[in-house]
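Hi,

Here is the structure I promised to pass on.

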Amino acid sequence: MIGFTLGLLATAWWLHRLPEPLTLSSGVGLVVAGIALIAVAGRAFRRAWAGPVLAMVLGATLAWLVVTAGASQWLQHVLGPELAGEEVTVLGTVTSLPEHGDERSRFRITVDAVEAGPETFRARELLVAAYPGRPEVGAGDYGRMTLRLRPAAGPSNPGGFDRAGWYYREGLHGSATLQAFEFVPGARPAAREAAARAQLHRKREALRTRLERAAPDLRHPGLVQALIIGDRQAMTTLEWQAFLRTGTNHLMAISGLHVGLVAGFSALLAGWLWVWLPMVQSLARKAAVMGLVGLAGAALYAALAGFSIPTQRALIMLAAFMVAIWWRRGPVAWRGLMLAAVAVVLWQPASVLAPGFWFSFGAVAVILLLLHGRGAKPGWREAGAVQVMLALAMLPLSLAWFQLGSWVAPVANLLAVPVISLLVLPLLLVGAGMAVLWAPLGRPFLHAGDELLAILVRILMELARIPVLVDERQVPVAASVLGGVAVLLALQPRLRSALPWLLLAGLALVLPLRPGIEYGAVRMHLLDVGNGQSVVVQTRHHTLLYDAGFGREGGYSAGEQVVAPTLRRLGVRSIDRMLLSHEHAAHAGGAPGVQAALPVDEVLRRRPQHPGERACRAGQAWEWDGVRFEVLHPPSGWDDTAAASCVLAVTSHAGVRLLLTGGLSGLGEAVFMRGPSAQRQADVLVLPRGAGMSSLSRGWLEDAPPTLAWASTDTAGRGLDVAVRERLARACVPLQETGIAGALRLDARQTLKVGPGFRASTPRLWRPAPADAPNPPHACRQDGGLPRPQAPEAGPT
């Protein structure tokens, strides 16, 4: 069983790291070769390992079959880049709880039929956004929708949220913007699955409305809804941060703990009824009744949560443990854990990509290891100790996956877990059940649970305010695994003699990441932020952030969602200087999100707004680690528009020159062109974001052509005018775009080394590598008849 499970999990994870599904011929060849080799070796040498290894091969074979089938089906329906911006008219059903706001509504739809649109449109599951909000759209509504399509893609950076991977895990084939919605009363979706989901979410929405009417004056309605029906959209930012920064955010997602508790409560109730009802005793044994009722209660609670992926996983785990108990072979707990892992992967092959999968199974495995060899039945004291040790053991994985570790998590969980599980959750579920019957009956229970939540949130907020107890940084996966094993072994009483060695292994968690940049060298990243621009410039001991991406107050912030996680992934703990080229939201809007996530020593911008900020202007210069930085534009007296963008030149000790132009355009470019051509010379030119038709049209490419041009674009290529692309091609200047290649990286040492882009270097099933860029025209020749190089020296950096 161990070999089969390991083969299944390892192969499922490996297959999802391939750029395309493994073909049938390749898979069959590998399987046949593996089985033949094991059979021959096992028979020849009579090795005991032949059986387990054969089981591992069989597990790998099964993983290949299910992963390939699931990935191939998704790829058949996913929206390709060629459909970006296209409009379709479909008949579809709202199959989720809609998220409604003043500016936007968002919901999932299942497409039933296509009435108009491109022939290549085959998507069946779409995430739809409506601007402004459409509160009249409810769960289960069926209608005729006109949609503007957006592919299943997103920013591609070394750190941050992988939106394309999330689409794949959730079974979504893309997204769309709602242009029109016409209700079709009385109609029902043709697919039974869609009809069942629609009915389920309609009932969840009715329960949410019932709860709001039963207790409209709750202090934390978002938390109440999150625990009852798994709907977290009403949670405030302060509430979420309180749980996140104290390592207790898992309590706000209905998963294994909650489903297991409900199963336990249901089983205890069934056991009590079995004792008092002789008629039931004659029908079934007590254990069987308790198990079935517990599983039924867990399934009902999972339905309240909309059968989300975490609740499905928890339900499968619960059923697997019950099967293991019934099987009664070997260690029941470990056999149940392996059965659950196999069942979850077979049911949802893409679940191996989700952090929750590894956290759930990892947490159970840690608990089993901690309880191994303990003869006495665990009491309250033992349960508390296990909870503290579990939080410590899972800390390295949290640092590696979420770039966030809370050293106060053991204490916070020691308080929050029993409060939520033993007090708040029972009160809220009883209150919800009573409110369904009659609203006044449920109100006291809902208010009691809400008051306990208010006390808990207040305590968690105070703990989260202690900065030394919250660690926000990137830890390599290898270091996190090594540190996690060290922490786990250090908590074993029998291994205390090896504690110094275990602590030495755990040092990998606290040692800072070093960028590995030589003196006088510079490393630059142009991040993939979509509609915006952000550049990270690193020297040996310093970091400069040039622009922070798009952001708007109270809405999306690329600075928080993309820039800050990428900086942590690069090992940056603080920013020495942030230079905002001008005040447009696509350049400066993400700055507050960055400043909230990382310390920023100094800010240069066109319009200083806070103490410690200075205005940037031509003539400012400084040197870091042998690398010279100089602001070339604008002169004194200019405003804060794109024309007045702060143009920055970065020159390495060896003379490699990088030029960052912000949003330079119009009059600003004309004035900049009046200066000497030497100030426009660059090995790499970061083009103005949103470069319009007139950009680079005043002779720039004739008197100072760069060796390479970088552009910040989105996945549809927006952000760079066609006329600019043509000028670059005529000037034989190669172009790299973030919207195509993902985040771009270069290293300027003695020579210039440019990488292919993050998307090209890390292709996945859901994020294929971009097509090779066309070579410059054949007529592109330098003096002497040699072709101009398409790009600087390339290679892994």
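This is a predicted model: local features need pLDDT of at least 70, side-chain atom pairs count only at pLDDT 80 or more; totals for chains, interfaces and linings use all residues.

R605 is buried, at 6% relative accessibility, where buried means under 20% relative accessible area, exposed over 50% and partly exposed in between, with a 1.4 Å probe and protein chains only. The side chain of R605 meets that of E583 in a salt bridge, 2.7 Å from N to O. The pair ties together parts that are 22 residues apart in sequence, because E583 lies in the loop between β12 (577-580) and α20 (585-588) and R605 in strand β13 (residues 603-605). E583 counts as buried as well, at 16%. By salt bridge I mean a side-chain nitrogen of Lys or Arg within 4 Å of a carboxyl oxygen of Asp or Glu, and helices (H or I, at least four residues) and strands (E, at least two) are DSSP runs numbered from the N terminus.

Residues are numbered from 1 along each chain as its sequence is written, and side-chain values use heavy atoms, with hydrogens and water left out.

Back to the charges. The structure holds 25 salt bridges. One of them joins E462 and R465, with the closest N and O atoms 2.7 Å apart; here E462 is partly exposed at 47% relative accessibility and R465 is exposed at 54%.

Now the chain as a whole. It has 26 helices and 23 strands, and 50% of its 797 residues count as buried. Taking contact as heavy atoms within 4.5 Å, residues 24 or more positions apart account for 68% of the contacts with a separation of 6 or more. The accessible surface comes to about 37,100 Å², 62% of it belonging to carbon and sulfur atoms; areas come from the Shrake-Rupley method with a 1.4 Å probe, and for residues only the protein chains shown count as cover.

Which helix would I pick out? I'd go for α16 (residues 439-464), whose 26 residues reach 36 Å from first C-alpha to last, close to the 38 Å expected at 1.5 Å a residue (the expected span is 1.5 Å times one less than the number of residues). Its buried residues include L446, G449, D450, L453, L456, V457 and L460. Among the elements that cover the buried residues of α16 are α5 (192-214), α15 (409-437) and β8 (470-471).

β15 pairs with strand β16 (residues 627-633) in the antiparallel sense over 4 bridges, pairing being called if DSSP finds at least two bridges between two strands. A621 stands opposite E630 in β16. The hairpin has 2 residues between its strands, and D625 in the turn has a positive phi of about 50°.

Most residues other than glycine have a negative phi, and most peptide bonds are trans.

- D547 has a positive phi near 70°; this residue is in the loop between β11 (543-546) and α19 (558-569) and is buried at 0%.
- F307 has a positive phi near 50°, sits in the loop between α10 (286-304) and α11 (309-327), and is partly exposed at 33%.
- Y131 and P132 are joined by a cis peptide bond, omega about -10°, with P132 in the loop between β4 (125-130) and β5 (142-150).
- H633 to P634 is cis too, omega near 10°, and P634 lies in the loop between β16 and β17 (647-651).

Last, the surface. L269, W272, L273, V275 and W276 make a nonpolar patch of about 560 Å², and W272 is in helix α8 (residues 256-276). Patches use residues with over 30% relative accessible area and no salt bridge, joining like charges within 9 Å and nonpolar side chains (Val, Leu, Ile, Met, Phe, Trp, Tyr) within 5 Å.

Cheers
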